[in-house]
Amino acid sequence: MQKKVFQLLVDNTSGVLSRISGLFSRRGYNIESITAGTTSNPEYTRITIVASGDEAILEQIEKQVGKLIDVREIRELKPDSSVYRELILIKVRATDVQRQSIVSVSDIFRAKIIDVDIDSMIIELTGSQSKIDAFLNLLHDYEILEIARTGIAGLRRGSEGVIGTDR
Amino acid sequence: MLGADAMARCLKEENVGVVFGYPGVAICPFFNSMLSVDIERVLVRTEQNAAHMASGYARISGKVGVCVATSGPGATNLITGIATAYADSIPIVCITGQVDSGQLGSDVFQEADITGAVESFVKYSYLVKNVEDIPRIFREAFHIASTGRRGPVLIDVPIDIQNAVISRFVYPAEVNLRTYKPTVKGHTEQIKKVIKAITGSKRPIICVGGGVHLSDATYEVRNFAHKYGIPVVSTLMGLSVMPTNDPLYFGMVGNNGKPYANKAMNESDLIIMIGARVADRAISQPDLIMDNTVLVHIDVDPAEIGKNVGPHIPLVGDIKAIFEEINKYDAECNCADWVETLNGYKADAPQRKKPRAEYVDPAVFITMLSEKLNDDAIYVADVGQNQMWSCGYHIVKNGRFLTSGGMGTMGYSIPAAIGARAAEPQRQIVAVCGDGSFQMSMMELATMQQHGLPVKIIIFHNGYLGLVREYQYHVYKGHYSVVDLSGSPDFGKLSEAYGIPFYKLKNMEGASKVLDDFLSCKDPALMEVMIDPMDVVK
């Protein structure tokens with residue numbers, strides 16, 4: 001099993017997300033995360049998919065997704081030539097005595113405290129998946145109440161091979 | 001001009017000759033507008049068969065077949081037909097009526113999310129939300145269905161859109177789909193590699209699939225085989241690419257194919273797969289062929305290449321375009337010895353065990369039938385034992401062999417034959433089915449009578465769902481469950497009820513004469529052939 005990150009540029013038609021996610025479920029492909037958002041041209045949507053499987057499955061994923069009529073392009077975002085980012089929101093139990101130490105851990109990771117309540121706080125962190133995992137690991141001693149993760153978004157480095165989204 | 005008028009006009013622009021369909025309130029505006037265009041409308045007896053007829057029509061005419069149904073149950077009834085067309089990559093456009101777009105999603109009467117339901121069986125689907133989009137959507141739908149890897153496209157049109165006024169009807173001359181650009185021309189470097197591989201090969205074999213028919217490349221592929229004297233085997237869908245008696249042809253591969261065809265594949269040093277999927281029924285262990293063999297895989301769909309087996313030389317593109325190109329090159333190939341070896345295998349092939357003499361021997365019967373058929377006859381096989389016998393013993397001259405391959409949909413033969421008849425009314429067409437598959441679509445006898453689309457139908461009557469019975473014999477020690485077809489009607493009386501001439505053959509005695517009478521009489525006709533209930537495929 002290995003993981004690959006795919007970047008898709010798709011026509012922003014109604015149902016395009018269900019067409020893509022439906023393809024994954026009916027062919028039994030594993031999807032670890034999927035994020036979507038419009039590009040500078042509202043007619044296009046950029047999707048980042050993290051998928052896992054063996055080499056043959058990952059190749060099929062690229063070909064089958066690429067075959068969908070709405071998909072203009074699919075390419076692998078290779079780790080050494082791409083940047084990935086994920087955003088996570090963590091609600092953690094924070095009593096008076098705990099609060100300061102949570103803040104210091106957050107500072108080390110450049111995480112932001114975006115909400116504080118009597119006995120809890122919400123922390124926001126953006127970064128690579130390994131950074132987020134490391135941060136979660138450090139919060140292990142605290143009681144985590146809720147987590148929301150966006151899944152990763154990614155882009156290839158440099159201007160080479162950029163597919164324009166001009167109208 | 002209303003949306004419905006625009007829809008009818010689009011079909012006219014696409015040069016559609018016939019639509020197969022079934023009405024309902026949600027598609028009534030369209031059928032009303034169809035009165036003003038000269039396109040034939042065929043009323044089927046159940047929607048599934050409208051899709052099968054469109055499929056048979058598409059496969060014989062080379063054009064896109066069109067079927068139409070209403071919302072809700074009409075649309076959902078189409079699904080098996082759509083899935084059947086999808087599995088065999090047949091270009092059809094399915095038009096469905098839909099409830100008022102303002103009521104979509106509120107579970108009103110006869111509402112079904114058909115675009116959602118068929119998602120995994122269509123190449124693409126549209127839910128029309130704006131009447132002005134109709135010309136563009138129809139243009140795109142026909143383009144998508146008939147290019148690249150062919151397949152079904154569904155257009156769902158809410159009734160209020162059909163009734164809305166379209167301000168301007170302009171049928172687009174060009175399709176502008178920035179996300180869809182199938183490869184047509186083969187890569188020159190890859191073509192050169194194929195030529196080189198042929199030159200180095202001592203035991204080459206060509207395996208043809210349904211893609212050769214879909215690309216209308218029979219002529220080019222035959223030329224290619226004959227140019228170098230390379231032997232040819234076929235998948236189920238590739239039957240009739242080669243005439244059965246062509247000296248270079250060595251039958252169908254797969255677990256229901258000829259043993260010498262499989263042997264040819266196993267012993268070759270170069271396999272040229274053309275428009276075939278390397279699917280499970282054709283090649284049971286794809287990994288095995290790679291050991292000592294160079295595999296060339298030619299297909300229009302890049303996703304098929306490497307799906308089941310990794311080829312050494314992939315070649316993506318339209319088969320006709322590729323072989324027009326390949327045939328311009330010259331390779332050295334001397335495989336006369338190899339063909340000789342294969343002829344030896346063929347001569348040694350074991351003969352089928354004879355069934356009891358009080359019944360018709362399907363193998364002998366089918367061979368006799370095909371000898372009597374016209375040179376360009378269309379033979380439509382259904383699904384089951386009858387299909388396997390048809391594959392094994394029908395001798396194709398220069399006609400076509402149609403069947404449901406990928407999906408194995410019972411009841412396909414009669415509607416597909418009717419669709420073929422609509423495409424080419426002059427050609428001889430015979431549908432061969434079992435007593436099980438016949439009863440799945442016998443309601444269409446009325447359709448062919450009503451619309452002047454008569455075909456010849458042969459029923460292999462063994463009183464069982466034979467292929468499942470055979471399976472239960474082997475796997476469940478002969479404990480037969482739900483395979484006994486007792487209760488079937490008297491097919492002679494049924495024929496009479498529909499006003500169709502009837503012939504019956506109890507055993508091989510006088511078979512030639514009965515077949516002559518059956519084939520020479522005016523269409524339609526129905527023939528019941530009694531088969532040993534315990535007869536098996538091999």
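This is a predicted model: local features need pLDDT of at least 70, side-chain atom pairs count only at pLDDT 80 or more; totals for chains, interfaces and linings use all residues.

Biologist: What makes helix 1 of chain B roughly parallel to helix 7 of chain B?

Modeller: Helix 1 (residues 3–13) and helix 7 (residues 134–146) of chain B pack at an angle of about 30 degrees, with their axes 9 Å apart. Angles under 35 degrees count as roughly parallel, and therefore helix 1 of chain B is described as roughly parallel to helix 7 of chain B.

Biologist: Which residues meet where helix 1 of chain B packs on helix 7 of chain B, and how do they divide into nonpolar, polar and charged?

Modeller: From helix 1 of chain B come B:Gly3, B:Ala6, B:Met7 and B:Cys10, and they meet B:Ile134, B:Pro135 and B:Phe138 of helix 7 of chain B. Six residues of this contact are nonpolar, one is polar and none is charged; Gly counts as polar, so B:Gly3 is a polar residue of the contact.

Biologist: Why are strand 2 and strand 5 of chain B said to stand at the edges?

Modeller: The open sheet has six strands of chain B in the order 2-1-3-4-6-5, with parallel pairing. Strand 2 (40–43) and strand 5 (124–127) of chain B each have a single partner strand, so one side of each is left without a neighbour in the sheet. Neighbouring strands of this sheet are turned by 20 degrees against each other on average, direction ignored.

Biologist: How do you know that strand 1 and strand 3 of chain B pair?

Modeller: At least two bridges are needed for two strands to pair, and strand 1 (residues 18–21) and strand 3 (residues 65–69) of chain B pair in the parallel sense over two bridges. Here B:Gly21 stands opposite B:Val68 in strand 3 of chain B.

Biologist: What lies across strand 3 of chain B, and at about what angle to it?

Modeller: Helix 3 (residues 47–61) of chain B lies across strand 1, strand 2, strand 3 and strand 4 (92–98) of chain B, and runs at about 170 degrees to strand 3.

Biologist: How many residues does each chain give to the contact between chain A and chain B?

Modeller: Chain A gives 13 residues and chain B gives twelve. Helix 2 of chain A gives the most to its side, with five residues, and the residues on the side of chain A divide into two nonpolar, three polar and eight charged.

How values were computed
Residues are numbered from 1 along each chain as its sequence is written. Chains are lettered from A and ligands numbered from 1 in the order in which they are written. Helices (H or I, at least four residues) and strands (E, at least two) are DSSP runs, numbered from the N terminus. Axes are lines fitted to C-alpha atoms, for helices over the stretch in contact, and angles run from 0 to 180 degrees between N-to-C directions. Two residues are in contact if their C-beta atoms, placed from the backbone, lie within 7 Å. Angles under 35 degrees count as roughly parallel, over 145 as roughly antiparallel, 65 to 115 as roughly perpendicular and the rest as oblique.
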